[in-house]
Amino acid sequence: MVKRFTKSISLLALLLLLTFSALTGCGTSDEPKKEETKTEQGDAKQGAFPVTIKDSTGKDITIEKKPEKIVSLLPSITENLFALGLDKEIVGVSDYDNYPEAATKKEKVGSQDMNLEKILALKPDVAFLQEYHVQNHANAVKQLEDAGITVVVPDGTQASFEDAYDVMQLLAKATGKEKEADKIIADMKEKVAAIKEQAKNVKEKKKVYVEVSPAPDIFTTGKNTFMNEMIEMIGAENVAANLDGWVKLSEEEAVKFNPDVIITTYGYYVDKPAEQVLNRKGWAEVNAVKNKQVFDVDSDSTTRPGPRLVDGVEELAKTIYPDVFK
């Protein structure tokens, strides 16, 4: 179950030991670079290489030239790379990558247990790995580096929208796509601002409990997570906001929250999740159950940090406050 859950929830995966540079403003890498940007080494031309970045391991990594072949072993990172327009460059993705549609047609190269042989055969210039790989497969990581592959470990523990923006910018700098990243981030911020403005029309703040993994291994989202931020954006209250991170609960603890609304995010692998919650023994007196305010939402857009987070906020808003967010 943990393996299937890993498919969409990179943050939770980290707790279970699974734990965004520069596009050339030009059409191709052969065209002259004109626009100015900054790297950690100082001012440089937009899209110019080499560039130096610092990934989540704290290492300064120099990428000598614009990557022509890329491998990604984290679904959220893959989504970001596609959003940056790197379809042609992406040659390998994780077993769990399901968005966009083009990702499903790429070579699958494992997940926590990466397929080292396949990755080496693809000969990528850059491989974006998980922190899990560095911690548990150091020998395999070294083999990639010895083969001349630049290994980059983006932050898999993104706890806020700002963290998600930072990762997008990291990926953009590493791949020569900074202009694209700037546009994506600006669009996301504009939509978030509009949602917050509309949330001012909320008259009665509802108490919301989010269940990201079902019984018997119930997990919810506390403070220092982007899902908590999403709930607050729409004018609701996260009943688990006093807890930190992605937290495992007992059913008794969940019932004590007595939320007005229950949101589940695992309908992609559990049949009729809302119905299951409504029929749980001992949950009959919970307000959300009594009033049938239990809903399943799209897991990827609500639990996978990336450009679609705003879609997730909008879905939560319309689900929890249908009269306000029409």
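How many helices and how many strands does the secondary structure of this protein come to? The answer is 14 helices and 15 strands. Please keep in mind throughout that this is a predicted model. The protein has 326 residues, and buried residues make up 54% of them. Its accessible surface comes to about 14700 Å², and carbon and sulfur atoms account for 47% of that area.

Rolling a probe the size of a water molecule over the atoms shows where empty space is left. The second largest pocket has a volume of about 230 Å³. It is lined by 14 residues, and those closest to its centre are A83, I184, P307, R308 and D311. Which helices each supply at least two residues of this lining? They are helix 3, residues 75–83, helix 8, residues 178–199, and helix 14, residues 309–320. Helix 8 gives the most, with 5 residues. In terms of residue class, the lining of this pocket holds 8 nonpolar and 6 charged residues, and no polar ones.

One of these central residues leads on to the next topic. R308 is among the residues closest to the centre of the second largest pocket, and the charged end of R308 sits over the ring of Y99, 3.6 Å from the ring centre. Y99 is also one partner in a cis peptide bond, the other being P100, with omega at about -5°. P100 is placed in the loop between strand 6, residues 90–93, and strand 7, residues 107–108.

A cis peptide bond also joins A215 and P216, where omega is about 5°. P216 lies in the loop between strand 10 and strand 11, the latter being residues 218–221.

I now come to the aromatic rings. A pair of aromatic rings is described by the distance of the centres and the angle of the planes. The count for this model is 6 aromatic pairs. Are F161 and Y165 buried or exposed? Both are buried.

The pair of Y209 and F257 has ring centres 6.3 Å apart and planes at 35°, so this pair is tilted. It links distant parts of the chain, with Y209 in strand 10, residues 207–213, and F257 in helix 10, residues 251–257, at a separation of 48 residues. Y209 has a relative accessible area of 0% and therefore counts as buried. F257 has a relative accessible area of 16%; because the limit for buried is under 20%, F257 is buried as well.

Ring pairs extend this arrangement into a cluster of Y209, F257 and W283. At W283 there is also a charged neighbour: R280 lies over the face of this ring, at 4.7 Å from the ring centre.

Next, a word on helix 9, residues 226–233. This helix is mostly covered, as 6 of its 8 residues are buried. The buried residues are F226, M227, N228, M230, I231 and M233. Just after helix 9, G235 takes a positive phi of about 85°.

Most residues other than glycine have a negative phi, and most peptide bonds are trans. With a relative accessibility of 58%, K272 counts as exposed.

K292 likewise has a positive phi, of about 55°, although it is not a glycine. K292 is found in the loop between helix 12, residues 287–290, and strand 15, residues 294–296. Its relative accessible area is 59%, so K292 is exposed, the cut-off being over 50%.

To close, I return to two places in this predicted model. At the second largest pocket, R308 is among the residues closest to the centre, and the charged end of R308 sits over the ring of Y99. In the aromatic cluster, ring pairs link Y209, F257 and W283, while R280 lies over the face of W283.

How values were computed. Residues numbered from 1 in each chain as written. Predicted model: local features only at pLDDT ≥ 70, side-chain atom pairs only at ≥ 80, totals over all residues. Heavy atoms only, no water. 1 Å grid on protein atoms, 1.4 Å probe; cavity = no way out; pocket = protein on both sides within 12 Å on 5 of 7 lines; lining within 4 Å. Points joined across faces, edges and corners; volume = space filled by probe spheres on them. Helix = DSSP H or I, 4+ residues; strand = E, 2+ residues; numbered from the N terminus. Nonpolar A, V, L, I, M, F, W, Y, C, P; charged D, E, K, R; others polar. Phe/Tyr/Trp six-rings, centres within 6.5 Å; stacked < 30°, edge-to-face > 60°. Buried < 20%, exposed > 50% of the residue type's maximum accessible area, 1.4 Å probe, protein only. Lys NZ or Arg CZ within 6 Å of the ring centre and 35° of its normal. Areas by Shrake-Rupley, 256 points an atom, 1.4 Å probe, with all protein chains shown as cover.
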